[in-house]
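My entries follow in the order I made them.

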Amino acid sequence: MTFVDEVKSAVTVRAALLVIGVLGLMVAFIASYAGAFHHPKPKDIPFALVAPAQVSGQLAQQLGALPGGPLDVRTVKDEADATRQLRDRSVDGVLVVDLRGTTDRLLVASGGGASLAQAVEAIATGAEKAQQRTVKVIDLAPASAGDSRTLSSFYLVVGWCVGGYLCAAILAISAGARPANTHRALIRLAVLAVYAIAAGLLGSLIIGPVLGALPGSYIGLAGLGALVVFAVGATTLAFQGLAGVVGIGLAILVMVVLGNPSAGGAYPYPLLPPFWRTIGPGLPPGAGTWAARSIAYFKGESISGPLQVLSIWALLGAIITVVVAGLNQDRGEKPAAS
């Protein structure tokens, strides 16, 4: 047997194509993370201004015209309204101007992202210094002592996402990537649901009571975790039903290569490049990270949108899994070999 024959025997065409696909995923992984994180730059950060009427318009114009457009400034009638917007995550910073002195107050919420709060502080401090004024920073939603960089929510959601697609992959490859019939697909989804509930409860137990990394409702975080895991797992099962074992790679592409860099973990959305800040809220890692921070630091404010995103992924994944299994059954297709 020649060397070429030995190679063909050891590495099939299918295996070679899968290895090439893995290589492509690796390159995409490096490019996505480096592209999203190598040069964070604030752009259009929602920012509220509370100032006396005689200077409000001028100050808003000056802040809005800062080089690079880091702030999306809106004037607010009073501090109470601005504080409400900060607590419900409508804005990421509030400048309260007091003309009786030379010191103004800057309200931030670092629980929504330490890097974002620091960026807001740096921008406001620079703008005030140009006017020969100073700012006093007040953090209305500070990060907990065990979550100083506010990355615990992101790591928690990433762990849930990994658990979701690994569970789905194991369920599939144990007896073929494509469910042989609708009944088997429903059983896999039921097992995934039980697993998702356990993953939500255990993940929240570790991040909260055990490590003290995140405050907030244990049950709220556990429920979020179950939804994240099921959404990712059901999507992975759907991809596998459509593409066989290649579906696992598609799930990694969506959830890891595209989802993690755009999730707003290390750098919240206003600090990410346009492409990543656009897709982030629509993907499970981004929706999960936003919701986890809302539960932990903002009493569940601004959570309905992310929950809807996760629910859509979960519902579509489950429907596609069942429908594709039914179509395969009607065609008499046998499951792929494990």
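**Entry 1: Pro142**

I began at Pro142, which touches Ser110, Gly111 and Tyr297, not counting residues up to four places away in sequence. I took contact to mean heavy atoms within 4.5 Å. This is a predicted model: local features need pLDDT of at least 70, side-chain atom pairs count only at pLDDT 80 or more, and totals for chains, interfaces and linings use all residues. Residues are numbered from 1 along each chain as its sequence is written, and side-chain values use heavy atoms, with hydrogens and water left out.

I placed Pro142 in the loop between β5 (134–139) and α6. Helices (H or I, at least four residues) and strands (E, at least two) are DSSP runs, numbered from the N terminus. I then checked Ala109, which is 33 residues from Pro142 along the chain; their C-alpha atoms are separated by 6.0 Å. Buried means under 20% relative accessible area, exposed over 50%, and partly exposed in between (1.4 Å probe, protein chains only).

**Entry 2: the whole chain**

I stepped back to the chain and noted 12 helices and 5 strands. Its C-alpha atoms fill a box of roughly 85 × 45 × 35 Å, taken along the principal axes. Of the 338 residues, 47% count as buried. I also looked up contacts with a separation of 6 or more: residues 24 or more positions apart account for 75% of them. The accessible surface comes to about 16000 Å², of which 67% belongs to carbon and sulfur atoms. Accessible areas come from the Shrake-Rupley method with a 1.4 Å probe; for residues, only the protein chains shown count as cover.

Next I took helix α6, residues 152–173. It has 22 residues and reaches 31 Å from first C-alpha to last, close to the 32 Å expected at 1.5 Å a residue. The expected span is 1.5 Å times one less than the number of residues. I found 16 of the 22 residues of α6 buried, so the helix is largely enclosed by the rest of the structure.

Gly225 sits in helix α8 (residues 218–243). I noted its relative accessible area as 0%, so Gly225 is buried. Which residues does Gly225 touch, leaving aside those up to four places away in sequence? I listed Trp160, Ala196 and Gly200. Ser148 is 77 residues from Gly225 in sequence and 22 Å away in space, C-alpha to C-alpha.

**Entry 3: pockets**

I turned to the empty spaces. Rolling a probe the size of a water molecule over the atoms shows where empty space is left. On a 1 Å grid over the protein atoms alone, a cavity is a set of points where a 1.4 Å probe fits but cannot get out, and a pocket is an open set with protein on both sides within 12 Å along at least five of seven lines; lining residues have an atom within 4 Å of a point. Grid points are joined across faces, edges and corners, and a volume is the space filled by probe spheres set on the points.

The largest pocket has a volume of about 360 Å³. I counted 23 lining residues, and the closest to its centre are Arg89, Asp92, Tyr269, Pro270 and Trp290. The lining divides into 15 nonpolar, 5 polar and 3 charged. I sorted Ala, Val, Leu, Ile, Met, Phe, Trp, Tyr, Cys and Pro as nonpolar, Asp, Glu, Lys and Arg as charged, and the others, Gly among them, as polar.

The second largest pocket has a volume of about 250 Å³. α9 gives the most to its lining, with 6 residues. I sorted this lining into 10 nonpolar, 2 polar and no charged.

**Entry 4: cavity and positive phi**

How many cavities of 30 Å³ or more does the whole structure hold? I found 1. The largest cavity has a volume of about 60 Å³. Its lining includes Arg89, Tyr269 and Trp290.

I went back to Arg89, in the loop between α4 (79–87) and β3 (93–96). Its phi is near 70 degrees, a positive value in a residue other than glycine. Arg89 counts as buried, at 11% relative accessibility.

Last, I looked up Ser302, in the loop between α11 and α12. Ser302 has a positive phi of about 55 degrees although it is not a glycine. At 33% relative accessibility, Ser302 counts as partly exposed.
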